[in-house]
Amino acid sequence: MVLSSLLLSAGQQRPLWREVGVGLVAVDTLVHNFLLRTGILRRLGADHPYGVRCYRTGGCADILTRFAASIDARQFNPAFPQTFPRFVQNAVWRCCAAMAWTSATRSRRFARLTLESRMNSVT
Ligand SMILES: [Zn+2]
């Protein structure tokens, strides 16, 4: 994702760098599991384990690129290109990261309350 940000910031003097950055999609476990758990992979007949198949034809990167083709990213920022796979992938990743953080926070809160409850019952 850092490479994509670097390529996107290349400016007008290096339009090919920007073009590569726009289409660069990184699939990590958050993104793969989002597509798996939402049933998107199954619905598209693209079930696969996380790994190299995420980048093969019909894999996660391909699915995100196809999603991006159906979304006009300029509605979010007029400076964006119409088709912006990196933007779609980053939006999915941010959503998953926020949900994971929220879930982890809830788990920590639950663990703390449980520990406090146990300590109170001992004393
Ligand atoms: Zn995948």
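Tutor: A residue is called buried if 20 or more other C-beta atoms lie within 10 Å of its own, and exposed if 12 or fewer do. The model is a predicted one, and buried residues make up 18% of the 123 residues in its protein chain.

Student: Why is Val-31 called buried?

Tutor: The cut-off is 20 or more other C-beta atoms within 10 Å. Val-31 has 24 other C-beta atoms within 10 Å, and therefore it is buried. Val-31 is located in helix H3.

Student: Which residues is Val-31 in contact with, leaving aside its neighbours within four places in sequence?

Tutor: Val-31 is in contact with Cys-60, Gln-89, Val-92, Trp-93 and Cys-96. A contact requires C-beta atoms within 7 Å. For Gln-89, which lies 58 residues from Val-31 along the chain, the separation of the C-alpha atoms is 7.5 Å. That value refers to C-alpha atoms, whereas the contact criterion uses C-beta atoms.

Student: What makes the buried residues of H3 line one face of the helix?

Tutor: The buried residues of H3 are Val-31, His-32 and Leu-35. Viewed down the axis of H3, they fall within an arc of 100 degrees, so they line one face. Thr-29 and Arg-37, on the other side of H3, are exposed. After H3 comes Gly-39, with a positive phi near 85 degrees.

Student: How do you know that the buried residues of H5 line one face of the helix?

Tutor: In H5, the buried residues are Cys-60, Ala-61, Ile-63, Leu-64 and Ala-68. Seen down the axis of H5, these fall within an arc of 160 degrees, so they too line one face of their helix. An α-helix has 3.6 residues a turn, so residues three or four places apart point the same way.

Student: What makes a set of residues a nonpolar core, and which members of the largest one touch the most other members?

Tutor: The members must be buried residues of the nonpolar types, joined through C-beta atoms within 7 Å. The largest such core has 17 residues, of which Val-27, Cys-60, Ala-61, Leu-64, Phe-84 and Val-88 touch the most other members. Helices H3 (29-37), H5 (60-69) and H6 (85-122) each supply at least two residues of this core, and H5 gives the most, with five residues.

Student: What does Val-27 touch, not counting residues up to four places away in sequence?

Tutor: Val-27 touches His-32, Cys-54, Tyr-55, Cys-60 and Ala-61.

Notes:
Residues numbered from 1 in each chain as written. Predicted model: local features only at pLDDT ≥ 70, side-chain atom pairs only at ≥ 80, totals over all residues. Helix = DSSP H or I, 4+ residues; strand = E, 2+ residues; numbered from the N terminus. Contact = placed C-beta atoms within 7 Å. Arc of directions from axis to C-beta.
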